Amino acid sequence: MTQLNMVQAINLALREEMARDDRVVLLGEDVGKDGGVFRITEGLFEQFGPDRVIDTPLSESAIVGAAVGMAAYGLRPVAEIQFMGFIYPAVDQLFAHAARIRTRSRGRFAAPLVVRTPYGGGIKAPELHEESTEAFFCHMPGIKVVVPSGPYSAKGLLLAAIRDPDPVLFLEPTRLYRMVKEEVPEGEYTIPLGRARIARPGSAVTVVAWGSMLQRTLKAVEGYDAEVIDPQTLSPFDGETLLTSVEKTGRLVIVHEAPRTCGLGAEIAATVAEEAILHLRGPVLRVAGPDVPVPLAKLVDHYLPSPERIQAALDEVLRY
């Protein structure tokens, strides 16, 4: 198998699925001739032409709105929003339309679309280029939220997302685009949505992390008997894998770069409190971003959870 980074793995997934299914259409700002801001769609315009790789105006609401219409019509659109911080003008299209078409039409129509967008910090970019507001979208019934943590999962999850009958928000950790290489097979394989994976087995403490924080967490837990869970899909969340692990370890640490208050870590902690509190040996701890806007470049490293903060949380919970 070929060693690919995440950019190459996503490009391969799009290329293979477009060749397999002529209903798959790409649209977004600069996705055509320029190949996307991170060159993820590079070469696809030349291979599939302007009818299937569509450069759009700079209007996120129009991009997602057009994708909703395409999906209802029977296509499989994959829309790109250049950065997560630019997605907010399209929230009405996602929440009021894409997420509700199946319910609104009593099952006569669906919205099988994917919205791809880079998210998260660590690349020292300007304002609105390092957002991590995944919990906001997890609170929208009818939308699935998926986060790959490496090239292999990026391809398998994206293929599953494109084939899913409902709208999927596919969040790509910007920091990992070219940082990690993994073996990625050519040809078809999918990773089921809604299913977590054990990224590292252990028995003393469970650690949940996703996106670029998973890679940071895996390095931080070296020397600890920690079981690390990669959710892969944030909504719907795989509670069974989480609870099975916590019942074994009796301890839980949650790591995410989004602000702490009302972050997805709070929902995960509440689930464990409701379903597995008698198995806990200590408090559930969260290592998260502070409740402030993502700062500019010089302060980003202080904003993001560090290996030292993750290890401090492990040391604290392991005292119990």
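**Entry 1**

I began with Arg39, which at 37% relative accessibility counts as partly exposed (buried is under 20% relative accessible area, exposed over 50%, partly exposed in between, with a 1.4 Å probe and protein chains only). I was working on a predicted model, where local features need pLDDT of at least 70, side-chain atom pairs count only at pLDDT 80 or more, and totals for chains, interfaces and linings use all residues. Residues are numbered from 1 along each chain as its sequence is written, and side-chain values use heavy atoms, with hydrogens and water left out.

I looked up phi of Arg39 and found a value near 65°, positive in a residue other than glycine. Arg39 sits in the loop between strand 2 and helix 2; helices (H or I, at least four residues) and strands (E, at least two) are DSSP runs, numbered from the N terminus.

Cys262 also has a positive phi, near 60°, and is not a glycine. I placed Cys262 in the loop between strand 13 (252-259) and helix 10 (264-275). Cys262 counts as exposed, at 67% relative accessibility. For reference, I noted that most residues other than glycine have a negative phi, and most peptide bonds are trans.

**Entry 1: a cis bond**

I checked the peptide bond from Ser235 to Pro236 and found it cis, with omega near 0°. Pro236 belongs to the loop between strand 12 (233-235) and helix 9 (239-249).

**Entry 2: aromatic rings**

I searched the whole structure and got 5 aromatic pairs. Rings of Phe, Tyr and Trp (its six-membered ring) pair if their centres lie within 6.5 Å; planes under 30 degrees apart count as stacked, over 60 as edge-to-face and the rest as tilted.

The rings of Phe38 and Tyr177 have centres 4.8 Å apart and planes at 55°, so I logged the pair as tilted. This pair links distant parts of the chain, 139 residues apart: Phe38 is in the loop between strand 2 (24-28) and helix 2 (44-48), and Tyr177 is in the loop between strand 7 (168-173) and strand 8 (182-184). Both Phe38 and Tyr177 are buried.

For Phe136 and Phe137, the ring centres are 5.1 Å apart and the planes are at 80°, so that pair is edge-to-face. Phe136 is partly exposed, with a relative accessible area of 43%, while Phe137 is buried at 0%. I also recorded one aromatic cluster, formed by Phe38, Phe83, Phe86 and Tyr177.

In helix 4 (residues 91-98) I listed Val91, Gln93, Leu94, Ala96 and Ala98 as the buried residues. Their cover includes helix 3 (60-73), helix 5 (101-104), strand 5 (114-119) and helix 6 (134-138), where contact means heavy atoms within 4.5 Å.

Which residues does Met140 touch, not counting residues up to four places away in sequence? I found Val91 and Phe95. Met140 lies in the loop between helix 6 and strand 6 (144-146) and is buried, with a relative accessible area of 4%. The C-alpha atoms of Met140 and Ala111 are separated by 15 Å, and the two residues are 29 apart along the chain.

**Entry 3: the whole chain**

Of its 320 residues, 57% count as buried. Along its principal axes, the C-alpha trace spans about 60 × 45 × 40 Å. Residues 24 or more positions apart account for 79% of the contacts with a separation of 6 or more.
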